[in-house]
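User: I would like to learn how to read a model by its overall features. Can we go through one together?

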Amino acid sequence: MEGQRLREFLATKPSQCKVLVVGDIMLDKYYYGEVTRISGEAPVPVTRVHSSSEKLGGSANIAYSLAVLGCKVSIAGFVGKDSHCESLVEKFAHYGIDASGLIYTSRPTTTKVRIVSNNQQMFRLDFEANQAVELQDMARFEQYIGEKLSESLDCVIISDHANGACTDASCSWIIEKCHNHGVPVVVDLSSACWVNYRNADYVVANLKRINNALLQPIENEDAAVEKACHYLMRKFHIKNIIATRSQKGMVLVRENETVHIPTTAQELFDVLGATDAVTAVFGMALAGGLPPALGAYMANLAASRVVTRLGTYAVTREELESMLSQ
């Protein structure tokens, strides 16, 4: 019964969902090869590269996932005037993502370069800024978000990877403005700054991020996770938490409702992008008017598919419909 309802939702609703994704925009670059020897210059492996790829990362990956699902997506965040940004812009245009909210700055475009051999990540290079975003750039960022909110958005997603877009001040402003317009806020929390998300409607966090906010880390057990989520909701005035729990699925914790959702049996290959998938699919469900528990169930299905792929991956509507049929 519920599976049929979700299939009908996927067939009709995504194209009507208008979602704005804000936060830390990234480009993920991969070089694939094989280790042939140890370098004579230093005791490091030499990887002979045979192919490479570029993918959208951070908030850009969430926007990409939403676009693949058929939603009307726009994105706002900070980029540099460099080749990495040019690659991002080309991909946004290709996938139909409205990139008019890109704020060009003197900072480099955040880019993660990974060296992969035999499906194992060998090394990573990060191109990113560690200084704060300049005030005039933050003002343009907030101005754009304010203008988009006047266009009847259905949901705003904040993606925080601790790269400067998601400060206490900016997040407080975004959440307040969204609520003034009656727009729900979903947070993909990939940093340790829970305090930035006071009054957020939903925060998606894995067990590591939850433990980082606790005085005493907890085990991955139902009762312990549920208790920890209620504690964080009270402490940081967060309305609801979706906790992703790796092989144990995830749990939606609300003030008067807790829904534990077990994972489907899949071979775990790469957890990169799993919370992005959960956030994107849940945000779409919320934008389309689905009950939160059903949205969380569908988001968990998406994550179970993503972890079987190497690197970031966007689940299609057809994949979700097939999984729901099974």
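Analyst: We take fold content, packing and cysteines in turn. This is a predicted model: local features need pLDDT of at least 70, side-chain atom pairs count only at pLDDT 80 or more, and totals for chains, interfaces and linings use all residues. Residues are numbered from 1 along each chain as its sequence is written, and side-chain values use heavy atoms, without hydrogens and water.

User: How many helices and strands are in the protein?

Analyst: Both are DSSP runs: helices are H or I with at least four residues, strands are E with at least two. The protein has ten helices and 13 strands. Its radius of gyration is 19 Å, close to the 20 Å from the globule rule for 326 residues, so the protein is as compact as a globular protein of that length. That radius is taken over C-alpha atoms, and the rule is 2.2 Å times the number of residues to the power 0.38.

User: What share of the residues counts as buried?

Analyst: Buried means under 20% relative accessible area, with a 1.4 Å probe and protein chains only. Here 53% of the 326 residues qualify.

User: How many disulfides does the structure hold?

Analyst: A disulfide is a covalent bond between the sulfur atoms of two cysteines. The test is a pair of cysteine sulfur atoms within 2.5 Å. The structure holds zero.

Definitions and conventions
Buried < 20%, exposed > 50% of the residue type's maximum accessible area, 1.4 Å probe, protein only.
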